[in-house]
2 protein chains.
Amino acid sequence: MSGQMLRLSPAACTCFRLRSAARRVTAIYGRHLAPTGLKISQFSLLGFIAAEGPVSIGRLAELVATDRTTLTRNLRPLLNDGLVEPAASGDRRRREFAATAAGRSLFKRALPLWADAEQEVRDAMGPKITADLHGALDRSMERLADL
Amino acid sequence: MSGQMLRLSPAACTCFRLRSAARRVTAIYGRHLAPTGLKISQFSLLGFIAAEGPVSIGRLAELVATDRTTLTRNLRPLLNDGLVEPAASGDRRRREFAATAAGRSLFKRALPLWADAEQEVRDAMGPKITADLHGALDRSMERLADL
DNA sequence: AGCCGGAATGTGTATATGCACATAATATAC
DNA sequence: GTATATTATGTGCATATACACATTCCGGCT
């Protein structure tokens, strides 16, 4: 009985735990990245765009596992701040984007701060739990890929 | 060199992976809960309120590990839909909330759908990876509790 | 009684997230 | 070569998230 109750308790929910963990870790990274003016989501997005070269919204959506329409809006702050700019595209349906020089420069300045955040989390959790978490997340995402 | 590049690649970020996983799993739960009109975050919040009885914003913020001010707004839809209502409070600074009969009823109807989502994720990941993920998340959250 | 520090909460602003729906442009079938 | 299916994207709406700042109230001190 109590086992059943425990499994049904809201806090036992896989989704709830993942979301809680994401919120908490997001806050930690946010503190480190604050001097750059970048949120962690913007940092990730900028990094992918810089690494991929000119890239379309749809391709980005695959890369970052985010809804296409979310990216349309997440790009706005980066465009407004001149970190990303539209790039030429052969297909007029497709809009492509690339990092500007300012964008690449800011990303490079943000990298060590991101590494500090990564290290703070690793220090708090210890190498074993960190590795376990990464492994569990990776294998989970593989299995959930086509749902 | 390539190892260094890999570690610095945006996709290797703990925060990015957690957020991606949370998005993906959120979508799965959302599909199951859609017939109830509840988002997974609303389902969790309603569950906590129903389980705790009259509870303040501040207490809820601790329970669900969410910023206090976020909860102020997350409560709105639940209040508007008559699932949660204000409750008396001895301290006029504190606003307390409790689930209504409709709220408890809807939560009970949503529970099996939530269980279906939980099961779908478990089936996709398998019992071992599921247990590993839960364990890694639990231990991570413990270690990150006071950061 | 009156002041005052701390506690509990709300608001303004900005971003993140995704579904349903609409639009534009390319590719394909005939 | 046009009608149509498909592809790529944007928009309206609603919610989720949290920081900085403002407000209101309680409790203790004088």
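User: How many helices and strands are there in chain A?
Analyst: This is a predicted model, where local features need pLDDT of at least 70, side-chain atom pairs count only at pLDDT 80 or more, and totals for chains, interfaces and linings use all residues. Residues are numbered from 1 along each chain as written, chains are lettered from A and ligands from 1 in written order, and side-chain values use heavy atoms, without hydrogens or water. Elements are DSSP runs numbered from the N terminus: helices are H or I with at least four residues, strands E with at least two. Chain A follows α-α-α-β-α-α-β-β-α along the sequence. The count is 6 helices and 3 strands.

User: What does helix α6 (residues 101–144) of chain A span between its end C-alpha atoms?
Analyst: A straight helix of 44 residues would span 64 Å at 1.5 Å a residue. That expected value is 1.5 Å times one less than the number of residues. Helix α6 of chain A spans only 37 Å.

User: Where does α6(A) bend?
Analyst: The bend is the angle between axes fitted to the seven residues ending at a residue and the seven starting there. In α6(A) it is about 110°, and Pro127(A) follows within four residues of the bend site. The site is Gly126(A).

User: At which residue does α6(B) bend?
Analyst: α6(B) spans only 37 Å between its end C-alpha atoms. Its bend is about 110°, with a proline, Pro127(B), following within four residues. The residue is Gly126(B).

User: What area is buried between chain B and chain A?
Analyst: The contact (heavy atoms within 4.5 Å) takes 53 residues from chain B and 53 residues from chain A. Buried area is the accessible area (1.4 Å probe) that two parts lose on being put together, summed over both. Carbon and sulfur atoms give 68% of it. The value is about 5500 Å².

User: Which residue of chain A meets Asp138(B) in a salt bridge?
Analyst: A salt bridge puts a side-chain nitrogen of Lys or Arg within 4 Å of a carboxyl oxygen of Asp or Glu. Between chain B and chain A the count is 4. For Asp138(B), the N to O distance is 2.7 Å and the partner is Arg17(A).

User: Which element gives the most to the side of chain B that touches chain A?
Analyst: Elements giving two or more residues include α1 (2–8), α2 (14–33) and α6 (101–144) of chain B. The one giving the most, with 20 residues, is α6(B).
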